[in-house]
Amino acid sequence: MEKKLPIYNLDIVSETESDVEVDFVALVDRPAIERSFLAFADSFSDYPESVKNNAQAVLDWTEENGWGSCGTEVGKIRANQLAKGEPISYETIKRMYSYLTRHAGDLDSSKGYGDGCGKLMYDAWGGKTALNWAESKINNIERQGFSIQNEEEKIISGPLMLADTPIYRNDANGEYFVVFTKDTIKKIAQKYFKKGYQSNVNLMHDSGQQLSGLTMFESWIVDEKRGIKPVKGYEDVKDGSWFGSFKVENEDVWQMIKDGKVRGFSVEGVFNYKKTEQSIPEFPNVQKMINDIMEVLSQVKF
């Protein structure tokens with residue numbers, strides 16, 4: 001049975017007097033997981049149940065038969081980590097993907113745990129399911145960044161918010177997913193400009209590092225019927241996703257962008273949380289909303 005986590009729709013208040021809104025865009029070194037815009041999680045435990053089962057099967061077999069000459073200490077640690085469902089870092093996910101990709105061919109000559117080390121160690125790292133999960137996770141993270149659209153004019157463009165895309169969160173409230181609908185994103189963008197927040201930019205969500213010399217001068221919401229398209233490379237995003245372009249007149253920030261020290265946008269603000277019963281078939285680990293979940297604050301500041 002796959003792991004099921006609570007899902008919340010996040011919303012704002014349209015009235016300008018309310019501070020339930022998006023009021024800043026941060027430049028970050030790694031945009032949020034699942035191609036999103038909230039502060040990213042430092043570790044992830046949302047891998048499929050089958051990954052844990054594969055690792056546990058290896059531990060069960062080796063408890064009875066031993067490891068023999070198979071596996072390094074890292075591989076044995078990984079099996080224990082995955083079997084217990086422990087959080088793993090983004091760097092570990094990349095190592096998992098690298099190992100499973102390199103050793104996929106070992107399965108041709110090793111069909112069982114007693115048949116050499118191939119199958120045994122492959123499942124110790126989570127098996128084929130872990131490879132698919134790690135690849136998807138890495139692709140989602142790496143595709144989040146903005147791109148330099150015009151180096152001479154110092155213009156960057158990229159996604160600010162992606163509609164109907166579940167975003168994994170792991171914080172003081174536990175593990176859960178949040179989603180922004182296209183209608184909510186439209187409200188957010190309209191209020192953002194109505195209140196004149198176009199130059200509200202900070203570094204790494206640090207209110208003490210507000211950046212001067214950056215202004216959002218283009219903003220568009222993907223709308224197929226109106227012929228409004230996303231940035232190249234994001235053709236698969238859903239209607240209602242929000243993109244923007246910034247003019248960078250801060251030389252220090254521009255150098256950070258060129259050096260790859262900041263790679264994407266991440267909006268921040270105060271949101272209302274609304275429990276939803278919707279299922280999201282596009283995300284493999286969430287089939288439907290579970291009924292019993294932890295109580296989350298009705299408004300959270302990111």
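Predicted model: local features only at pLDDT ≥ 70, side-chain atom pairs only at ≥ 80, totals over all residues.
View 1. The strands concerned are E9, formed by residues 201-203, and E10, and their pairing is antiparallel, with 2 bridges.

**View 2. The turn of the E9 and E10 hairpin.** Between the two strands of this hairpin stand 2 residues. Met204 adopts a positive phi in the hairpin, near 60°.

**View 3. The cover of strand E10.** Strand E10 comprises residues 206-210 and is hardly covered. Of its 5 residues, the number that are buried is 0.

**View 4. The disulfide of Cys70 and Cys117.** The count of disulfides in the model is 1. Cys70 is joined to Cys117 by a disulfide, with an S to S distance of 1.9 Å. The link is left-handed, with -80° about the S-S bond. Distant parts of the chain are linked by this pair, whose members are 47 residues apart. Cys70 belongs to the loop between helix H1 (49-65) and helix H2 (73-83), and Cys117 to the loop between helix H3 (90-102) and helix H4 (118-124).

View 5. Cys70 has a relative accessible area of 7%; because buried means under 20%, Cys70 counts as buried. Cys117, with a relative accessible area of 28%, is partly exposed. The disulfide thus joins Cys70 to Cys117, with Cys70 buried and Cys117 partly exposed.

Conventions: Residues numbered from 1 in each chain as written. Heavy atoms only, no water. Buried < 20%, exposed > 50% of the residue type's maximum accessible area, 1.4 Å probe, protein only. Helix = DSSP H or I, 4+ residues; strand = E, 2+ residues; numbered from the N terminus. Pairing = 2+ DSSP bridges. Disulfide = S-S within 2.5 Å.
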